[in-house]
Amino acid sequence: MNSVPVFRRSIRESWRGLIGWSLGLTALLLLYLPLYASFGTDGQLQAIIDALPKGLTQTIGYDQISTGAGYAQSTFYGMTGFVLTTIVAVIWGSAAIASAEESGRLEMDLAHDISRTQYVLEQALALLVRLLWLGIFSGLVVWVLNEPAGLGIHPAHIIGATAALTGLAFLTSSVALLAGSMTGRRAWASGAAASLAVFSYVFQAVAKQTADLEWLNAISPFAWVYRQSPLLDGVDVGGLALVWALAALCVGASVATLRRRDISG
Amino acid sequence: MRSKDQPGGRIVNVAIEISNLHKKYGHHTAIHDLDLRVTAGTVFGLIGPNGAGKTTTLRMLLDIIRPTSGTARVLGQDPRTAGATLRRRIGYVPGDLRLENRVTGHRLLSFYAEVSGAVTPETIRNLADRLGVDLSRAVRTLSKGNKQKLGLIQAFMHTPELLILDEPTSGLDPLVQRELLRMVREAKQAGQTVLLSSHMLSEIQQAADQVAVLSDGHVVAEGNVASLRLGSIRRVRARLATTDADEVRARFAGAGGSNALGIVSGANGVQVSGTVEGAIDPIVKTLAQFDVCELTVEEPDLEESVLRLYGPPTDATRRSRSAGRYADRGRHE
């Protein structure tokens, strides 16, 4: 028997989507990053940002936009790239178990020589590999554009930002995996994962508004990896480890949950 | 596979043995105290109306769902603990087969072939030709019947020791249904065991050696197909040479058998007709108290027997069903 059949099937069935998402992320980067060279370097962009209310620029993370690294962090890693990878993480994460169960595929698969543990782990691996691909691919595009767009990002920081972006996406998809393992329902899986991403973002945005609410950063995975800008200052290793550890914990919990319950059709 | 010593000293291989199996969903009990034994190398039919618990029972054998209590042994192993390798020895068609993927039939089958081990492309092709399904089309674009054919191919292709087929003919046209029943017979000849469920009695009648009738989570009757037909239900029609229908009614009421019988007086005497469940003797003895002009006692077909056994799911019928079950078992074993 060949190894990891479920993993290979997941990759085989989603490579077209993977290419589509890669192109989408590339388009986004090509749209945003070259703009910095044209009006970011001479202070024009900073002038626009300064004209906006301070609360707003802080909330959307545009307060560090005066440097190339801050610009790439604010426009892509902390905003559009985060949104896009979150969407794909929710879709893939809820498809992995919940949609498979709703469509009857899980029942068929588990009626064969595939154990539940194997199923969850191979699906988690397929999620990880696809999200890593998107993260690394985006990182490479940023690296390629770094010089021409005059961003001046320290190349090593791109690795940290990639690990942060991918970590957040993998955490989101792991939550979808876990909710799918618990309920077998796509609505719950995507609901739980999307809620995590939204609250994670909202908490850190609100925390920026007032010192009284800074504690919200403690429960925001977004803040764990992005509070210290990975592109500008290097990634916060502790926060990064926490995000990845939590994602791994969700995968482990998914295994334990799915092993325990009845599969519904 | 497990060997069992029979009282007569005969050794019988048991492919599936279920004892005291219960399955509860919250307060609802889907399976009550189920006992079943499927002898290896036979075709066993599980019949019952929708919601009787057939699918629940079969899914417990695959460890898709877990029993609340009781034990099941499949090919000598507990499905709960035997792991995925046991399922390699089983071919399973789910009752509610939905294939919604973009992949082609070929792709779908080669995935399961890869997981289940040694299957040649030729085997898949032969089965596809036999059932008449186009494997190059995306499975989600196929009709229900064609999806069902893919379900059957993935169950049969690795020649498993045990085939568990949940409503296997569902969606198939009559010609393909016949082909499937042929495949089931061939599987039996090849030494495979087949457990199939159906709410269509005719196909069970054609295919199965042994039958269990499931209703409302209970086995209400079991035995070989022939003995089940000879079971406790008979259609009785008689004409008695008397004009006093009330007297006939009173005598039958005394014998405890009037409920199921229609007793009407006509021009040529009193007509007694209806379906009798349980012992025939009191009916015959009561009839014999009159001059019997005509008498027909028919064995109904399986369909009618089972319909009769299901009855409306009230406490009273459940009690009478379970009484009938023991009477039935006593007679056939």
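**Exercise 1.** Which residues point one way from E9(B), which point the other way, and are they buried or exposed?

*Solution.* The model is predicted: local features need pLDDT of at least 70, side-chain atom pairs count only at pLDDT 80 or more, and totals for chains, interfaces and linings use all residues. Residues are numbered from 1 along each chain as its sequence is written, chains are lettered from A and ligands numbered from 1 in the order in which they are written.

Step 1. Strands (E, at least two residues) and helices (H or I, at least four) are DSSP runs numbered from the N terminus. Strand E9 of chain B covers residues 210–215.

Step 2. B:Gln210, B:Ala212 and B:Leu214 point one way, and B:Val211, B:Val213 and B:Ser215 point the other way.

Step 3. A residue is buried if 20 or more other C-beta atoms lie within 10 Å of its own, exposed if 12 or fewer, and partly exposed in between, with C-beta atoms placed from the backbone. Six of the six residues of E9(B) are buried, so the strand is largely enclosed by the rest of the structure.

**Exercise 2.** Identify the strands that pair with E9(B) and the direction of each pairing.

*Solution.* Step 1. Two strands pair if DSSP finds at least two bridges between them.

Step 1. Strand E4 (residues 43–47) of chain B runs parallel to E9(B), with four bridges. In this pairing B:Phe44 stands opposite B:Gln210.

Step 2. Strand E10 (residues 218–224) of chain B runs antiparallel to E9(B), with six bridges. B:His218 in E10(B) is the bridge partner of B:Ser215.

Step 3. E9(B) and E10(B) form a hairpin with two residues between them, and B:Asp216 in the turn has a positive phi of about 55°.

**Exercise 3.** Describe the side of chain B that touches chain A.

*Solution.* Step 1. Two residues are in contact if their C-beta atoms, placed from the backbone, lie within 7 Å. The contact takes 22 residues from chain B and 18 residues from chain A.

Step 1. Helix H3 (84–88) and helix H4 (105–116) of chain B each supply at least two residues of this side. The largest share, five residues, comes from H4(B).

**Exercise 4.** Summarise the fold of chain A.

*Solution.* Step 1. Chain A has eleven helices and zero strands.

Step 1. Of its 265 residues, 50% count as buried.

Step 2. The C-alpha atoms of chain A fill a box of roughly 65 × 40 × 25 Å, taken along the principal axes.

Step 3. Of the contacts in chain A with a separation of 6 or more, 74% are between residues 24 or more positions apart.

Terms used: Nonpolar A, V, L, I, M, F, W, Y, C, P; charged D, E, K, R; others polar.
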